[in-house]
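I'm going through one chain today and jotting down what I look up.

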Amino acid sequence: MLFMMVKLRLLNAIAPAYFYAATVVTFTLHFLLFMPTVFRSPDVALNPTMLVHIAVFLFLMGNALGNYMMTIWYPSESANETAIPVCSPDCPDRIDAHYLLNGRHFCKVCKKVILKRDHHCFFTGNCIGNRNMRYFIMFSIYTSCCCLYSLVIGVAYLTMEYSISFENPLTFLTLLPLSTGYFFLGLISGLQFFLVIMLYVWLGIGLVSAGFCCQQLLLVARGQTWCELQKGQLSEVRGTWRVNLIDVFGSRWALGLFLPVQTVETVPGNWQVYHDHKHD
């Protein structure tokens, strides 16, 4: 158990650093390579098409980063509980959390009591629960959109700069293994090989974020959490999907779809009182 906790804490430090590094690389590639090449015009430095794509990219990136920070700024910890439960060696709960009562968990990584805990997100170094689930879902949506958008622009850049044709669907599937061999044979530059790797990174993150977001939305609509799914407590739907979505996204949910602003008014430590009142 000690070795597992060390690995979890190490992952809790490495994952955010990976996210920040990928963000900086993506931002740099867009403005130093992709935009000037894909949307260049011999007449003007900033043509309308380039400005539109810059606006779209900044909108997606801004919302992804904004909701990422909101997920960290609004943790789902209970302000009324400071006692740390001591688990026995044969504790049946998961290695990263200890179940208390009434939708509360003690996260062994955060060392806090979390209200309505869904899971611990290592990319934010924070637990996802009743206060920041909305921001986490929007972070996942915009991260997926930003990565898939970068994938499309990156493919366009490789097509224009290196004359790589993607008309055949098999081109993308064989691009990484072929590029790896060509790089070690000295047939392509390090920059081209790095761009190919980034295409697969964007594709992987984009698809994983989209799939995970769909799962979270389904659980939210049912009024349930990932912790309950793992414990097999999905026997019934709690409330209507509309009420459950408003509980998570807040009354100003429409504004939160386009701007990373606070839309959830849940008070820390009072979730269970509100939850019991709602379902009486």
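Helices (H or I, at least four residues) and strands (E, at least two) are DSSP runs here, numbered from the N terminus. With that settled, I went to the loop between strand 2 (104-107) and strand 3 (112-115), where K111 lies.

Ground rules before going on. I'm working on a predicted model, where local features need pLDDT of at least 70, side-chain atom pairs count only at pLDDT 80 or more, and totals for chains, interfaces and linings use all residues. Residues are numbered from 1 along each chain as its sequence is written, and side-chain values use heavy atoms, with hydrogens and water left out.

Entry: phi angles. Most residues other than glycine have a negative phi. K111 has a positive one, near 60°, and is not a glycine. Is K111 buried or exposed? I get 53% relative accessibility, so K111 counts as exposed (over 50%; buried is under 20%, partly exposed in between, with a 1.4 Å probe and protein chains only). K116, another non-glycine, has a positive phi of about 50°, and K116 sits in the loop between strand 3 and strand 4 (119-121).

Entry: helix 3. I checked the span of residues 133-162: at 1.5 Å a residue, the 30 residues should span 44 Å, and the end C-alpha atoms are 42 Å apart, which agrees. The expected span is 1.5 Å times one less than the number of residues. Just after helix 3, S163 takes a positive phi of about 55°.

Entry: a helix pair. How do helix 5 and helix 7 cross? The axes of helix 5 (residues 190-221) and helix 7 (residues 241-249) come within 8 Å and cross at roughly 115°. Those axes are lines fitted to C-alpha atoms over the stretch in contact, with angles running from 0 to 180 degrees between N-to-C directions. The two helices are therefore roughly perpendicular (65 to 115 degrees; under 35 is roughly parallel, over 145 roughly antiparallel, the rest oblique). Helix 5 brings L217, V220 and A221 to the contact, and helix 7 brings W241, N244, L245, V248 and F249 (contact means heavy atoms within 4.5 Å).

Entry: whole chain. I count 9 helices and 5 strands, in the order α-α-β-β-β-β-β-α-α-α-α-α-α-α. Of the 280 residues, 43% count as buried. Among contacts between residues at least 6 apart in sequence, 64% join residues at least 24 apart.
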